[in-house]
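Please look over the sequence and structure below before reading the report.

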Amino acid sequence: MRVEDFDNDDDRIIQDRLKQKTWTEIRTNDSWAIFKIMAEFVNGYETMGRIGPCVSIFGSARTKPDQHYYQLAEKIAFKISKAGYGVITGGGPGIMEAGNKGAHLGGGTSVGLNIELPFEQHFNPYIDHDKNLNFDYFFVRKVMFVKYSQGFVVMPGGFGTLDEMFEAITLIQTKKVAKFPVILVGKTFWSGLMDWIKTILVEKYATVSPGDLDLIKIVDTEDEVVEVLDNFYKKYTLSPNF
């Protein structure tokens, strides 16, 4: 399929939507959508409030079980659960599945915040049956990740993974949420991005403060992930999800 075909498909979808609804109908639907958004927040708060604080694991839905980072994510989640932390993922395949699988095998809390998408996403079988939530709205789902996470473990991924990572850093940087560790796993994968942030954003254009880089830790192993989490909690005298 050519790039032009995707553009044409997008144009047809937009045109069909415009034909189906008048502007008044769109405004009315937007008003009623508020109630659905509220319902997602209420259901999320009630469910997540019962599980206690956890650690979120992010990464690509396209990572296969025979690939290195899938297996590493599983080991990290297993180690996290054995250390007394619950594990939250996006509930889908790939790295998310690996995270839930590791938590499940480790006997820990395994939470899935699933999002309805036209492709890729389906919930994995390693989520605790009473902790599998479904969302229509990305922004509601993001609130659940941040509000109930005591740490972010970021595996290699795409735009969605980067979105979650940078939003977490922004919220911590601006003190909109309490500080928690943001751990990037895979020095080879993340080094190019971190070099660009340092040389371009920090040094050349000064759009990021040098101290902001201290919010991020880069590691390669499951032991290093748990070490960063444990050191954080010891420093701030906080308790994980035992």
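The report covers a helix, salt bridges and a surface patch in a predicted model.

## Helix α3

Helix α3 covers residues 68-82. Its 15 residues should span 21 Å at 1.5 Å a residue, and the end C-alpha atoms are 21 Å apart, so the two values agree. Just after α3, G84 has a positive phi of about 105°.

The buried residues of α3 are Y70, L72, A73, E74, I76, A77, I80 and S81. Their packing partners are the strands β1 (54-58), β2 (86-89), β5 (149-154) and β6 (182-185), together with the helices α4 (95-105) and α8 (222-235).

## Salt bridges

The whole structure holds 7 salt bridges. One of them joins K101 and E74, at 3.8 Å from N to O. K101 belongs to helix α4 and E74 to helix α3, so this pair ties together parts 27 residues apart in sequence. E74 counts as buried because its relative accessibility is 18%, while K101 is partly exposed at 21%.

E167 and K142 form another salt bridge, with their closest N and O atoms 3.1 Å apart. This pair links helix α6 (residues 159-173), which holds E167, to helix α5 (residues 138-147), which holds K142, across 25 residues. E167 is partly exposed at 29% relative accessibility; K142 is buried at 16%.

D128, D130 and K131 are linked in a salt-bridge network. D130 is partly exposed, with 44% relative accessibility, and K131 is buried, with 14%.

## Surface patch

A nonpolar surface patch consists of W32, I34, F35 and M38, which together have about 490 Å² of accessible area. M38 lies in helix α2 (residues 23-48) and is partly exposed, at 47% relative accessibility.

Note on methods
Residues are numbered from 1 along each chain as its sequence is written. This is a predicted model: local features need pLDDT of at least 70, side-chain atom pairs count only at pLDDT 80 or more; totals for chains, interfaces and linings use all residues. Side-chain values use heavy atoms; hydrogens and water are left out. Patches are made of residues with over 30% relative accessible area and no salt bridge: like charges are joined within 9 Å, nonpolar side chains (Val, Leu, Ile, Met, Phe, Trp, Tyr) within 5 Å. Accessible areas come from the Shrake-Rupley method with a 1.4 Å probe; for residues, only the protein chains shown count as cover. A salt bridge is a side-chain nitrogen of Lys or Arg within 4 Å of a carboxyl oxygen of Asp or Glu. Helices (H or I, at least four residues) and strands (E, at least two) are DSSP runs, numbered from the N terminus. Buried means under 20% relative accessible area, exposed over 50%, partly exposed in between (1.4 Å probe, protein chains only). The expected span of a helix is 1.5 Å times one less than its number of residues. Contact means heavy atoms within 4.5 Å.
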